[in-house]
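Subject: Structure handover

Hello,

Here is the structure I said I would pass on.

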Amino acid sequence: MRTTPGVLLALLVGSVSQAEETPTGTGAPLTFESSELHDLAGTWGEPFRSLMVMPGVSHVISGASLPVVRGAAPSSTGFYLDGVRVPQLYHLWVGPSTLHPELVSGLDFHRGPAPARFGRELGGTVDARLLPPSTDTVRAVGSLDLFNVGVLTQVPLASTGTEFTLAGRFAYTPWIAAAVINGIRGTPGPDLVLGLFDYQARITQSVGRGSLRLFALGSSDDAGLSGTGDVVRLGTAFHRVDLRLTHPLGVGEAEAAITWGQDTLGATGGGEASRITVGLSERTLGARMAWRASLSQRLAVEAGADVERRLADVNQSTTFRPGEADDPSRPTVTTGGVQTLARATFAGAYAQATWTQGPWQLTPGLRVDGYLLEPALNQVVVEPRLHARAALSETVALRLGAGLMHQAPAHLLDAPGVEAAALRLGMQRALQVEAGADVRGPAGFTFGADVFVHPMLRTVELDVLSFDMLADDPVARGRERTAEGHGYGVELMARRPLSERWSLLASYTFQRRTLSTRVERRDDAGQVVGAEVMPLASALEQMHVLNAAVTVKLPWGLTVGTTLHYNTGAPEAGGLLFSYTQQAGVDPVKGTARWRPVDRDQVARLPGYFRVDGRVSKTGTLGPLAVEAWLDVFNLSLTKEAFRYTYGSEKGQLVRKPFGLPPVTLPSLGIRARY
């Protein structure tokens, strides 16, 4: 890759962060406390939804909080909660969070190269912090909104050094709606099923000078039609149990943990005569260990290792009843069964040191990962990392981050077993370089600017509509999906925490992500006459993204806020959700007008999208309870996002129309009580 002015600028400046906070031994994340994110309009009070207003983040479809970090697919971003990776962040991928919002005390968001303890991701990394254990009194939070009922409670036992935390939410509205619809239906047929819930439980126990923690979390979704007649049903679930011990060791602190997990995804569809069921399941067992220490005022070190064994299977079966439809003696025949999808082992080790001298802070790191897929792949990768910070004054700091990253191929969304099975298509590899400056301004403001360059040395774009991992020739399929490319962009942010009467979180992102793409050349009749490979914008690229979230505290316990969002459209290049640009042509046989696809490098971009969210809340007390009532409306402006067109004809004329979905507006009206 040729050296460009953007690369030279990237080597001079570092990534943005809050100027008052100086992370030690990390990659300059955006650090937030949950209290700062609680009142952002359009997020329903869920901390992870706030990622959608941060720099470097765009979306697939507005309303689905699936972050596209610097152009990478949502499945390329990892989410961790106190060291435990969360495989599915939202119910059915687009619903409410699978984690109780009150359980998250804050988060660190790495858009570029993360610290060496994180690996196996080409997108961003979100490291969330659990609510600290209560040490003095019983605490409880109960909430009720239009969709969920939730509870969180903390019970400390000072005499034994034990603390219990229990949390969970149940989507009661869909469950009641399904029961009512099934009860009033007058004709026989399939039953409507709508059930969503999640749970979290933690037990912490003092052990000498250390602590033992047992943490369990999980989620279950079930939606569709079941029973007699034509049915379609989708179910997802995940469970994690993590046992961790932390204890002083030498001059530092050691951590050792073991994690068990199980993920499932199942779908059923068909009628009385024939039904097809497809299920994915993945069982995981992992362990990790780490040691951190400050050897002096100038030097801090961290080292660790992790290993995870993954067993993935696919269960595909067809049930049908041959014979006449009205014959009650027809036999039921089932074909198919369980097939091994992957037996994989992921293992890694890392080390990094942070050296501080005056205004300079330097953090070199190294991570080594091994990927074993039986019997298709056995590969070891080495990932150097480097983060640097220079404080030019009390108000201005420069930062630099760089690292080599690897990841298994992945679909648009995470699904059980897909990452492990996709190893047979070969590893993805990218170099990440980011840079910027942060400035502490007057009145509590901080300002930041980032430049990033991501040469993508090898990407593997999986097709959502086909199961590449079961291809007859996975090596050839991997070669077909392989592409090189590069990403680059600029990110700006202005931030003012809610320390007085109002707060601001504003961001602007300019980003490009291009991949080498095969372009078929067609003649006027639409016939393929040639092909060439050239760099083209990826399907998820939104060049300009602008967000501005303002929150104002008023008298009488009132808080109001609004969020403004704008993004330019992605290329209309087809795929699961998007249409492909067509142009007017002539049928060579009939001589009539018809639509025909344009060459891939000529596709148009979808229209830009502007949205306004709004939130108002009222706080007060009721005896020993602190009570808050709120109304949070996503897309208060009732604007419509066009993510596809329909190409047809009316009265002999070619007609192109935006896809006819009404504006998606999602209100959340609820009440929360704290004890």
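The notes below go through cores, surface, charged pairs, rings and backbone in turn. Please keep in mind that this is a predicted model.

Nonpolar cores

The largest nonpolar core contains 34 residues, and Phe48, Leu81, Leu107 and Phe109 have the most contacts inside it. Two or more of its residues come from each of strand 1 (30–33), strand 4 (78–81), strand 6 (104–110), strand 7 (125–130) and strand 12 (210–226). Leaving aside residues up to four places away in sequence, phenylalanine 109 is in contact with Pro29, Leu30, Leu51, Met54, Pro55, Val57, Val69, Thr125 and Val126. There is also a second, separate core of 18 residues, with Leu265, Leu341, Phe346 and Leu373 among them.

Nonpolar surface patch

Some nonpolar side chains form a surface patch of about 910 Å², including Leu157, Phe164, Trp260 and Leu285. Strand 11 (191–207), strand 12, strand 13 (231–249) and strand 14 (252–270) each give at least two residues to the patch. Strand 13 supplies the largest share, three residues. Leucine 243 belongs to the patch and sits in strand 13. Its relative accessibility is 37%, so leucine 243 counts as partly exposed.

Aspartate 198

Strand 11 also holds aspartate 198. Is this residue buried or exposed? Aspartate 198 is buried, because its relative accessible area is 4%, under the 20% cut-off. Not counting residues up to four places away in sequence, aspartate 198 touches His91, Ser97, Thr98, His100, Gly168, Arg169, Gly218 and Ser219.

Salt bridges

The structure has 49 salt bridges. Three of them are described here.

Arginine 615 pairs with aspartate 39, and their closest N and O atoms are 3.8 Å apart. This pair links distant parts of the chain: arginine 615 is in strand 30 (residues 609–622), while aspartate 39 is in the loop between helix 2 (34–37) and strand 2 (57–58), 576 residues apart. Both arginine 615 and aspartate 39 are buried.

Arginine 117 and glutamate 302 form another salt bridge, with 3.9 Å between the closest N and O atoms. Arginine 117 is in the loop between strand 6 and strand 7 and glutamate 302 is in strand 16 (residues 299–320), so this bridge ties together parts that are 185 residues apart in sequence. Arginine 117 is partly exposed, at a relative accessible area of 24%, whereas glutamate 302 counts as buried at 10%.

Glutamate 374 and arginine 309 meet at 3.1 Å, N to O. Here too distant parts of the chain are linked: glutamate 374 lies in the loop between strand 18 (360–373) and strand 19 (377–391), and arginine 309 lies in strand 16, 65 residues apart. Glutamate 374 is partly exposed, with a relative accessible area of 41%, and arginine 309 is also partly exposed, at 28%.

Through shared partners, salt bridges join Asp82, Arg117, Asp127, Arg213, Asp242, Arg244, Glu255, Arg288, Arg292 and Glu302 into one network.

Aromatic pairs

How many aromatic pairs does the structure hold? There are seven. In one of them, tryptophan 595 and tyrosine 647 have ring centres 5.0 Å apart and planes at 75 degrees, so the pair is edge-to-face. Tryptophan 595 is in strand 29 (residues 593–597) and tyrosine 647 in strand 32 (residues 645–650), so the pair ties together parts 52 residues apart in sequence. Tryptophan 595 is partly exposed, with a relative accessible area of 23%. Ring pairs also link Phe445, Phe447 and Trp502 into a cluster.

Backbone points to check

Glutamate 374, from the salt bridge with arginine 309, is joined to proline 375 by a cis peptide bond with omega of about -10 degrees. Proline 375 lies in the loop between strand 18 and strand 19.

Two residues other than glycine have positive phi. Arginine 70 has phi near 50 degrees and is in the loop between strand 3 (68–69) and strand 4. With a relative accessible area of 3%, arginine 70 is buried. Tryptophan 556 has phi of about 65 degrees and is in the loop between strand 26 (544–553) and strand 27 (558–567). Tryptophan 556 is exposed, with a relative accessible area of 69%.

Regards

Key. Residues are numbered from 1 along each chain as its sequence is written. This is a predicted model: local features need pLDDT of at least 70, side-chain atom pairs count only at pLDDT 80 or more; totals for chains, interfaces and linings use all residues. Side-chain values use heavy atoms; hydrogens and water are left out. A nonpolar core is a set of buried Ala, Val, Leu, Ile, Met, Phe, Trp, Tyr and Cys residues joined through side-chain atoms within 4.5 Å. Buried means under 20% relative accessible area, exposed over 50%, partly exposed in between (1.4 Å probe, protein chains only). Helices (H or I, at least four residues) and strands (E, at least two) are DSSP runs, numbered from the N terminus. Contact means heavy atoms within 4.5 Å. Patches are made of residues with over 30% relative accessible area and no salt bridge: like charges are joined within 9 Å, nonpolar side chains (Val, Leu, Ile, Met, Phe, Trp, Tyr) within 5 Å. Accessible areas come from the Shrake-Rupley method with a 1.4 Å probe; for residues, only the protein chains shown count as cover. A salt bridge is a side-chain nitrogen of Lys or Arg within 4 Å of a carboxyl oxygen of Asp or Glu. Rings of Phe, Tyr and Trp (its six-membered ring) pair if their centres lie within 6.5 Å; planes under 30 degrees apart count as stacked, over 60 as edge-to-face and the rest as tilted.
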